[in-house]
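Subject: Structure handover

Hello,

Here is the structure I said I would pass on. My notes on it follow below.

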Amino acid sequence: MASVFSSSFLCPLKTAKLRIKLQTLQSSQKPFLINSLQLRELDPKIPQPVQTFWKWLCDEGVVSIKTPVKPGIVAEGLGLVAKRDISKGETVLGVPKRFWINTDAVAESEIGNVCTGLEPWISLALFLLREKWKDDSKWKYYMAVLPESTDSTIYWSEEELSEIQGTQLLSTTLSVKEYAQNEFQKVEEQVILGNKQLFPFPITLDDFFWAFGILRSRAFSRGGIQNLMLVPFADLANHSVKVTTEDHINEIGGPAGLFSWDLLFSFQSPLKLKAGDQFLIQYGLNKSNADMAIGYGFIEPNSARDAFTLTLEISKTDEFYGDKLDIAESNGLGETADFDIKLGQSLPPSLFSYLRLVALGGTDNFLLESISGNAVWNLLELPVSRANEELICKVVRDSCRSALSGYNTTIEEDEKLMKEGNLGSRLQIAVGVRAGEKKVLQQLHDIFKERELELDELEYYQERRLKDLDLVGEPK
């Protein structure tokens, strides 16, 4: 019964390798005074494509001499650093709407008509691939600084994936890759091959995976996956565990040039910074290390990110399948339900109720016949019977042991590897995630083992019912 899927789509990251592609700077009739000052502020070690990209942002009025952050070489590779001291909550950048790459930008482009009806991320992927190919693209300086890949598990080789054998991360990675491959085959047949005038260049599965990975790692989502967008300059901000809020992103009206006003994608600093400090944001407080690995290509050395998703299911062969499904659905769940178990944290409140519902059987089935659905769910918050409670303990413990047997290493072996250090970035991710999953499984196993030892001490439905009817005397 215990199998899992946990996925997330988006938020920004930009570590990894830069695609170093030197391009001739276009001539500009705009004044160069401020731009020259801005360029001199950059670290000379910064790759030329990034310097060219920065000049483009200056020329277009996205940044000015007053912008308090600039690109810099940081531990992650490339990031934003403070040019001066920055107060907590201070606005550090504002990118005008005309520089957002979203479905509106796609709709206004040459491929807008053929992208109508496509999933937003697919239309954005096609847009990226076309703009990357075009020599005269408005976005060519941005395209030049996008990484060719990250350490996301979607780019790992079979040998590298073998290091996460048995993990939920592996099953999720393979499912995500299969999903992207299927979507590519469909869009290739339905859009690309029939519109050679719009796509006069070869688009391979690897190309599509590049765009897919860029969106997973760099796109922002305001209000759901339907509102994905890439925001040049803003997506240089790296993630930090030190940032414990997600309220530093806003869309506000503001000046977007010398004589213009526009909607701005705005960042406020979540931390107080000194000049030279890196400007950092939070990619998602609720993301697990597996989410971080598949989305961005890194993990946190933070046990709070270690998680395992327990998936439970009401069997369709259950005599009371319909009744159980009605009860689950009336309480926000369904035929299957996922419960994220996090290391060192309490179990999800509804886990025991759903477990008891799934395991309900035998003489306990009278509850489904004689009591209304909502009342049954309330009763399931407490133990129903010894047989029911014993069954859920056994099922969960057996599932944990089965999952643990699928890993090629033990927790102790993984911890030894991490302690010794000198792991490559991808192996570090693999060891960290698989160790974290096993710790969560062991924790879950131990919780239900302890629960099993307490079965004789628990109070069950019939005892509670007799007390409610005042049919049980006070113990002497």
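A residue is called buried under 20% relative accessible area, exposed over 50%, and partly exposed in between, with a 1.4 Å probe and protein chains only. This is a predicted model, in which local features need pLDDT of at least 70 and side-chain atom pairs count only at pLDDT 80 or more, while totals for chains, interfaces and linings use all residues. Numbering starts from 1 along each chain as its sequence is written, and side-chain values use heavy atoms, with hydrogens and water left out.

Overall

The chain has 17 helices and 12 strands; these are DSSP runs numbered from the N terminus, with helices being H or I of at least four residues and strands being E of at least two. Of its 476 residues, 50% count as buried. The accessible surface comes to about 22900 Å², and carbon and sulfur atoms hold 51% of that; areas are from the Shrake-Rupley method with a 1.4 Å probe, and for residues only the protein chains shown count as cover. Taking contacts (heavy atoms within 4.5 Å) between residues at least 6 apart in sequence, 73% join residues at least 24 apart.

Cores

A nonpolar core here is a set of buried Ala, Val, Leu, Ile, Met, Phe, Trp, Tyr and Cys residues joined through side-chain atoms within 4.5 Å. The largest one has 88 residues, and those with the most contacts inside it are V95, Y142, F199, F233, F265, F267 and F279. A second, separate core of 39 residues includes F352, L355, A359 and L444. Leaving aside residues up to four places away in sequence, F279 touches V69, L80, V81, V92, A237, N238, F267, Q268, S269, P270 and L273.

Aromatic rings

A pair of aromatic rings is described by the distance of the centres and the angle of the planes. Rings of Phe, Tyr and Trp (its six-membered ring) pair if their centres lie within 6.5 Å; planes under 30 degrees apart count as stacked, over 60 as edge-to-face and the rest as tilted.

W121 is buried at 2% relative accessibility, whereas Y179 is partly exposed at 36%.

W121 also forms a tilted pair with F208, at 5.6 Å centre to centre and 50° between the planes. F208 is buried, with a relative accessible area of 0%.

Elsewhere, F53, W56, F99, W139, Y141 and Y142 make up one aromatic cluster. A charge sits over a ring if NZ of Lys or CZ of Arg is within 6 Å of the ring centre and within 35 degrees of the ring normal. K138 is placed this way over the face of F99, at 5.1 Å from the ring centre. The charged end of K132 sits over the ring of W210, 3.9 Å from its centre.

Backbone

Which residues other than glycine have a positive phi? F233 is one, with phi near 85°, and N422 is another, with phi near 60°. F233 is in the loop between β6 (228–230) and β7 (238–239) and is buried at 1% relative accessible area. N422 is in the loop between α15 (411–420) and α16 (425–453) and is exposed at 81%.

Annotation

An unreviewed UniProt entry lists "binding site" at R218, R222, D235, Y283 and Y296. UniProt also places the feature "binding site" (unreviewed entry) at E76, G77, L78, R218, N238 and H239. Positions are given in the numbering used here, feature names are shortened, and annotations may be inferred rather than shown by experiment. R218 is in helix α8 (residues 205–218) and is buried at 1% relative accessibility. E76 is in the loop between β1 (69–74) and β2 (77–82) and is partly exposed at 27%.

Regards
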